[in-house]
Amino acid sequence: MSKARIPLYSLAPQGLQAMIALSQAAKGSSLGERIVELVNLRVSQVNGCGVCVDMHWRDLVRQGADPRHLNTVAAWRESPFFDARERAALRWADALNALPHRDDTDAAYGELREHFNETQVAELGYAVAVIRGWNVINLSLRSPIPVNPPPGM
C-alpha cells in the first residue's frame, strides 16, 4: 500500500494528542521501556499492523535489542531469549488482546503477579490498550509502512 485512506495525523488533533500522551505514559511507566516495546511489538504482530510492527521493532533495536531475539517475539513461548518477567508480560498482552473473543486472563494473571505489582498490572493494561488502539486506527485507515520513517517514528 502506498497511501492511507485519510491523513490521520493532520485530523482530530485532540484524539491524536490523547493517544500520544497515553503512549508516552506507558513508555514512562515503572514497567520499563523494553517491556512496553516488547508488548507493543507482540500485540502489533498479532493484530497484523505493519506500521506498528516496523516502528516498535526499530525502537527495540535502538534500545540495543538483538534483532535475532526480536525475530522470535512472534514465537515467544518457544524462544529462549526472554526471561520470566518478559514472558509473563507477553502472555498477559496476548490474553488481553484476545478479549472478548477468548478469555485466558485467569491463567495468565497468576503468573503476571509473580513478576509485577498491582500498579504495574494496571500500567500493562494501559500499554496493551493504547497499542491495540493504534493498531485499529492504522489498520482501518490503511496507514502504509514508511520507507523512510520520519524522526520519532
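This is a predicted model: local features need pLDDT of at least 70, side-chain atom pairs count only at pLDDT 80 or more; totals for chains, interfaces and linings use all residues.
Biologist: Before we start, what should I know about the model and its numbering?
Modeller: Local features need pLDDT of at least 70 and side-chain atom pairs count only at pLDDT 80 or more, while totals for chains, interfaces and linings use all residues. Side-chain values use heavy atoms, with hydrogens and water left out, and residues are numbered along each chain as its sequence is written, from 1.

Biologist: How many salt bridges does the count come to?
Modeller: Happy to say! A salt bridge here is a side-chain nitrogen of Lys or Arg within 4 Å of a carboxyl oxygen of Asp or Glu. By this rule the count comes to 10.

Biologist: Glu-37 forms a salt bridge with which residue?
Modeller: The closest N and O atoms of the pair are 3.1 Å apart. Glu-37 sits in helix H2 (residues 33–47) and its partner in helix H1 (residues 13–27), so the contact ties together parts 10 residues apart in sequence. Helices are DSSP runs of H or I with at least four residues, numbered from the N terminus. The partner is Lys-27.

Biologist: Is Glu-37 buried or exposed?
Modeller: Good one. Buried means under 20% relative accessible area, exposed over 50%, and partly exposed in between, with a 1.4 Å probe and protein chains only. Lys-27 is partly exposed at 34%. Glu-37 has a relative accessible area of 0%, so Glu-37 is buried.

Biologist: What is the N to O distance between Glu-111 and Arg-91?
Modeller: Their side chains meet in a salt bridge. Glu-111 belongs to helix H6 (residues 105–113) and Arg-91 to helix H5 (residues 84–98), 20 residues apart. The distance is 2.7 Å.

Methods: Helices (H or I, at least four residues) and strands (E, at least two) are DSSP runs, numbered from the N terminus.
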